[in-house]
Amino acid sequence: MRSFSYSRPASFDEACRVPKRTRFLAGGTNLIDLMKSDVERPAHVVDLKSLSMDQIEELPDGGLRLGALATNAGTAEHPLVTGRFPLLASAILAGASPQIRNVATNGGNLNQRTRCHYFYDPDMVCNKRSPGSGCSARGGRNRIMAVLGTSESCIATFPSDMCVALAALNAVVRLRGPDGERAVALRDYHRLPGETPWIDNVLQPGEIVTSIDLPSVSFGEHYTYLKIRDRLSFAFAIVSVAVGLDMESGVIRRGCLALGGVGTKPWCVPEAEALMRDRPPSHSLFRDVAECILEGAMADRDNAAKLKLAPRVIERALWQAAEGTPQSQTCKTIC
């Protein structure tokens, strides 16, 4: 690890006044790994732990505000989350390990970087790590790489489970920086790689994620987070699906759907969600939804299996939600 200077500001204004080549430290489960691997080389690290951003509180409209410094474990176990947003709790519990969830924060989860093995290896060319150097994943060992939202410059998969559920729930990210406060829909927060894959999100210099807002919504038992991975725990998704269905008299009044493990960002297609509106569950409907959300998917070399696996996982998740049998994150048998 290279040398760096360190500060722990006592206020937001102090935290936002940062020099160049600064990184913000929350839980540190991603940043410290990247610094040890010589991928991140900040000249200065700003520790945010002294700022009051760890609360989880109810909003006037029945939604929730999740503090950026609240831990993943504390969020998944909070009674307001388990009672009103079990889809989010399930997605968080599907990720990482208990030890990591006890330290990792909501803001850090949102801003974590890809786990592409070429990105983590400084000896390999990677546009996300070294702009303009090339993409070793293209034509390389890329079984885990993305098939949606890719570009010639990058096919790295976005790794978060929590963010897939947040995207399905239409969460809003609240930011604070030198120019004041603003809010960004989570579905718009992460950027597609395009020709600038090193820019992961819409954060501006000095901006800090302060909280994540969840709008009031209730799916009852008609939700699921279904994650297919190589191991039963502590493994990133090959394909994951977050679903919430507002059901009435056997009819889907509204559906929310997001994919993980297949895209360069949490993958949502509003047109696929619109297909479910005021329709009863059926095999033909769910096949159409899967086809719609996967439109444009492209394999590179080793990840073609995702094109066959993803439709099946989407349909299975939609049936789990429709039948009110959400996937258990303790019993790994797929219902």
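F286 is buried, with a relative accessible area of 0%. A caution before I go on: this is a predicted model.

F286 sits in helix α11, residues 283-293. Which residues of α11 are buried? L285, F286, V289, A290, C292 and I293. Look down the helix axis. The buried residues of α11 fall within an arc of 165°, so they line one face of the helix. What does that face pack against? The buried residues of α11 meet β11, α10 and α12. Helix α10 covers 270-275.

Now the aromatic partner of F286. Its ring pairs with that of W319. The centres are 5.0 Å apart and the planes stand at 75°, so this pair is edge-to-face. W319 belongs to helix α12, and F286 to α11, so to speak of sequence: they are 33 residues apart. The pair links distant parts of the chain. W319 is buried too, at a relative accessible area of 17%, given that the cut-off for buried is under 20%.

How many aromatic pairs does the model have? The count is 2. The other one joins F119 and Y120. Here the ring centres are 5.8 Å apart and the planes lie at 80°, so this pair is edge-to-face as well. F119 counts as buried, at 1% relative accessibility.

On to the sheet. Helix α12, residues 305-322, lies across β9, β10 and β11. Its direction is about 30° to β10. Those strands form an open sheet of 3, in the order β9-β10-β11, with antiparallel pairing. Which strands are at the edges? β9, residues 223-229, and β11, residues 251-260. Each of these pairs on one side only. From one strand to the next, the twist averages 15°.

Take the β10 and β11 pairing in detail. β10 spans residues 237-248, and the two strands are joined antiparallel over 9 bridges.

Next, the nonpolar cores. As a reminder, in soluble globular proteins nonpolar side chains tend to be buried together. The largest core in this model has 41 residues. Which of them have the most contacts inside it? L66, L87, L88, L166, L169 and L214. Several elements supply at least two residues each, among them β5, α5, β6, α9 and β8. The sheet is represented as well: β9 and β11 are on that list. The biggest giver is α8, residues 162-168, with 7 residues.

Let me stay with L66. Set aside its neighbours within four places in sequence. L66 is then in contact with Q55, I56, T75, V81, L88, N106, S211, I212 and L214. Two of these names, L88 and L214, are also on the list of residues with the most contacts in the core.

Now I208, in strand β8. Buried or exposed? I208 is buried, with a relative accessible area of 2%. What does I208 touch, beyond residues up to four places away in sequence? A15, C16, F24, L48, M53, R174, L175, R176 and L203. I208 and P178 are 30 residues apart in sequence. In space, C-alpha to C-alpha, they are 9.6 Å apart.

Last, two backbone points in loops. R21 has a phi near 55°, a positive value in a residue other than glycine. Where is R21? In the loop between α1, residues 12-16, and β2, residues 22-25. R21 counts as exposed, at 52% relative accessibility.

The other is D38. Its phi is near 65°, again positive and again not glycine. D38 sits in the loop between α2, residues 31-36, and β3, residues 44-47. At 22% relative accessibility, D38 counts as partly exposed.

Definitions and conventions. Residues numbered from 1 in each chain as written. Predicted model: local features only at pLDDT ≥ 70, side-chain atom pairs only at ≥ 80, totals over all residues. Heavy atoms only, no water. Pairing = 2+ DSSP bridges. Helix = DSSP H or I, 4+ residues; strand = E, 2+ residues; numbered from the N terminus. Axes fitted to C-alpha atoms, helices over the stretch in contact; angles between N-to-C directions. Contact = heavy atoms within 4.5 Å. Buried < 20%, exposed > 50% of the residue type's maximum accessible area, 1.4 Å probe, protein only. Arc of directions from axis to C-beta. Phe/Tyr/Trp six-rings, centres within 6.5 Å; stacked < 30°, edge-to-face > 60°. Core = buried A, V, L, I, M, F, W, Y, C linked by side-chain atoms within 4.5 Å.
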